[in-house]
Amino acid sequence: MRTQVTSVATVMGVSRIFKGKTGVVHALDNVSFDLKPGRTLALVGESGSGKTTAARVLLGLDTPNSGSIEILGRTLGLLKHEELRLLRREIQVVQQDPFSQLNRRHSVERIISGPLLAFNIGDKESRRDQVVELLKSVGLEKEHLRRRPHELSGGQCQRVAIARALALDPKIVVLDEAVSALDVSVRAQVLNLLRRIQEERGLTYLFITHDLGVAHYMADEIAVMFRGRIVERGNRDDVFNNSRHHYTVGLLSSVPLATPSATKRSREQVQALPSPGVDDACLYRSRCALGLGREDCKSTPLKITQGSETHSWLCHSPVEHG
Ligand SMILES: Nc1ncnc2c1ncn2[C@@H]1O[C@H](COP(=O)(O)OP(=O)(O)O)[C@@H](O)[C@H]1O
Ligand SMILES: [Mg+2]
């Protein structure tokens with residue numbers, strides 16, 4: 001029998017436009033995804049594809065221009081200030097830079113107890129006990145309480161940031177390139193720690209990474225982003241073993257995707273292409289070996305193809321397998 005899995009967070013048709021001196025950037029263009037309880041969705045894509053913006057709107061740190069976001073059954077845009085503050089207990093974040101996300105003047109104890117203080121939880125003594133417990137759960141010791149970030153390694157700083165994220169016992173943790181700055185061996189340790197903590201606490205992760213190896217290790221589901229759009233989404237095996245979008249295939253292979261002639265054409269035609277994100281047609285076409293030659297890639301608005309219950313993509317001429 002199938003078990004009914006409900007979402008702990010749902011992002012529906014969210015767009016976020018930034019207007020800068022150089023023009024308009026569609027950081028998110030009609031993005032939809034959901035987070036299932038106790039599972040990990042990896043958001044992958046190159047730098048500038050909109051991953052952090054997606055995290056920020058989910059965390060309620062940024063407001064989308066359109067679309068809606070539900071967390072634990074509550075709609076973000078409809079919440080009053082205090083309701084939003086309370087909901088923030090349930091969704092926490094760990095960022096990329098081990099040092100800059102921690103206040104360098106504060107001790108580890110103060111950093112990890114910060115969220116407890118902010119929500120007026122416990123007294124000084126019980127907070128210390130809680131911080132010691134949290135330190136243990138991320139593989140650090142009581143002796144680290146007094147240290148400051150510059151007295152810790154990058155890996156230890158990330159463990160402190162994880163402990164702080166766990167302090168309020170959230171349901172959802174957003175990990176935005178949380179292991180990207182770490183050395184390979186330390187990265188593996190922190191990934192294992194994150195998996196163990198997820199198992200113990202039944203946490204839901206939104207795991208943002210540009211590293212597909214890391215996504216493969218961590219994710220149940222994967223959403224591939226390109227220039228503000230989710231171009232392919234599915235269970236891990238759908239995306240890795242049955243990739244349908246040419247961008248996903250390009251990400252997965254180390255060889256350059258475009259054929260020499262496509263590259264030449266792309267150089268010639270790049271001027272004629274509309275600026276990023278302002279049209280409904282495929283934004284990947286200038287880099288896709290197929291896209292430049294096909295009329296529909298240039299002019300026909302894209303629609304999501306739902307290939308199976310779990311797997312969807314945004315492409316007129318998806319990669320064929322077998
Ligand atoms: N506050 C902002 N103001 C203007 N442009 C922004 C802002 N935040 C993000 N962007 C732009 O939105 C796009 C997506 O950025 P981001 O979400 O940080 O991507 P990623 O995390 O995938 O690298 C980029 O083009 C970036 O320059
Ligand atoms: Mg980012």
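1. The C-alpha centres of domain 1 and domain 2 are 33 Å apart. The model is a predicted one. According to the domain assignment of the chain, domain 1 covers 9-219 and domain 2 covers 253-313.

2. Next, the ligand site. The residues around ligand 1 are Phe 18, Gly 20, Val 25, Ala 27, Gly 45, Ser 47, Gly 48, Ser 49, Gly 50, Lys 51, Thr 52 and Thr 53. The top contributor is α1, with three residues.

3. The make-up of that shell is worth noting. Eight of the residues around ligand 1 are polar, three are nonpolar and one is charged.

4. Now a helix pair. Helix α3 spans residues 108-118 and helix α4 spans residues 124-137. They pack with their axes 10 Å apart, at an angle of about 115 degrees. Angles of 65 to 115 degrees count as roughly perpendicular, so α3 is roughly perpendicular to α4. The crossing of α3 past α4 is right-handed.

5. The contact between these helices can be listed by residue. From α3 come Glu 109, Ile 112, Ser 113 and Leu 116. They meet Arg 127, Arg 128, Gln 130, Val 131 and Leu 134 of α4. By class, the contact of α3 with α4 has four nonpolar, three charged and two polar residues.

Conventions
Residues numbered from 1 in each chain as written. Chains lettered and ligands numbered in written order. Predicted model: local features only at pLDDT ≥ 70, side-chain atom pairs only at ≥ 80, totals over all residues. Domains from an automatic or database assignment. Near = placed C-beta within 6 Å. Helix = DSSP H or I, 4+ residues; strand = E, 2+ residues; numbered from the N terminus. Nonpolar A, V, L, I, M, F, W, Y, C, P; charged D, E, K, R; others polar. Axes fitted to C-alpha atoms, helices over the stretch in contact; angles between N-to-C directions. Parallel < 35°, antiparallel > 145°, perpendicular 65-115°, else oblique. Left-handed = near helix turned anticlockwise from the far one by under 90°. Contact = placed C-beta atoms within 7 Å.
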